[in-house]
Amino acid sequence: MKKLTFLFCLCLMSQFSFGQTPREFEYQDGDTTYIMKQYFMGFLMRVPDKPELDSLKVAEIQQAHLDYMSENAKTGSLLIAGPFGDDGDMRGIVIYDVATKAEADSIISNDPAVKAGRLAIDVKPWWAAKGSVLK
């Protein structure tokens with residue numbers, strides 16, 4: 001595993017050393033060739049000083065948040081999203097298939113729960129083999 005991680009990092013460094021940030025590149029591991037692709041993973045965070053709202057307004061914002069996520073999934077920009085199963089400050093994740101971090105930031109900043117100050121987001125570039133699936 002250490003060898004695989006080292007080779008992956010070396011491959012990434014070679015791609016970026018020329019000032020380029022490609023969204024995809026080939027990665028060879030023995031007889032297997034992976035097409036690595038850059039996605040953007042967002043961590044939805046609890047806002048400590050969120051506005052106090054009545055339960056009807058909170059439910060309305062949550063439904064708008066879910067509808068917004070569904071719309072992004074239909075357009076193909078949102079690949080996966082979901083809440084965590086505990087009551088921690090990190091509330092959930094989203095993974096976007098968009099060209100830039102700025103585009104991912106723009107999409108999430110228009111989420112009704114983010115706009116209402118109920119959630120904050122931290123977006124990071126994330127690499128995975130193209131076509132990876134959850135099992």
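I began with burial: of the 135 residues of the chain, 28% count as buried, where buried means under 20% relative accessible area, exposed means over 50%, and partly exposed lies in between (1.4 Å probe, protein chains only). I kept in mind that this is a predicted model, in which local features need pLDDT of at least 70, side-chain atom pairs count only at pLDDT 80 or more, and totals for chains, interfaces and linings use all residues. Residues are numbered from 1 along each chain as its sequence is written, and side-chain values use heavy atoms, with hydrogens and water left out.

**Entry 1: layout**

I looked up the secondary structure and found 4 helices and 5 strands. These are DSSP runs numbered from the N terminus (helices H or I, at least four residues; strands E, at least two). The order along the sequence reads α-β-β-α-β-β-α-α-β.

Next I checked contacts, meaning heavy atoms within 4.5 Å. Of the contacts in the chain with a separation of 6 or more, 64% are between residues 24 or more positions apart.

**Entry 2: the surface**

Accessible areas come from the Shrake-Rupley method with a 1.4 Å probe, and for residues only the protein chains shown count as cover.

Which residues make the nonpolar surface patch of about 310 Å²? I found L79, I80 and L134 there. Patches take residues with over 30% relative accessible area and no salt bridge, joining like charges within 9 Å and nonpolar side chains (Val, Leu, Ile, Met, Phe, Trp, Tyr) within 5 Å. L134 sits in the segment after β5 (119-129), and its relative accessible area of 73% makes L134 exposed.

**Entry 3: N72**

Is N72 buried or exposed? I read 9% relative accessibility, so N72 counts as buried. N72 belongs to helix α2 (residues 55-75). Leaving out residues up to four places away in sequence, I see N72 touching S77, L78 and I107. I also looked up N72 and Y96: they are 24 residues apart along the chain, and their C-alpha atoms are separated by 9.0 Å.

**Entry 4: salt bridges**

How many salt bridges does a search of the whole structure find? I got 10, each being a side-chain nitrogen of Lys or Arg within 4 Å of a carboxyl oxygen of Asp or Glu.

I started with K37 and D97, whose closest N and O atoms are 3.0 Å apart in a salt bridge. K37 lies in strand β2 (residues 32-46) and D97 in the loop between β4 (90-96) and α3 (101-109), so this pair ties together parts 60 residues apart in sequence. K37 is buried at 10% relative accessibility, while D97 is partly exposed at 23%.

I then turned to pairs within helices. K57 and E60 form a salt bridge (3.1 Å, N to O); both lie in helix α2, 3 residues apart, about one turn of the helix. K57 is partly exposed at 34% relative accessibility, and E60 is partly exposed at 47%.

K101 and D105 make a salt bridge with their closest N and O atoms 2.9 Å apart. They are 4 residues apart in helix α3, so about one helical turn separates K101 and D105. K101 is partly exposed at 34%, and D105 is partly exposed at 28%.
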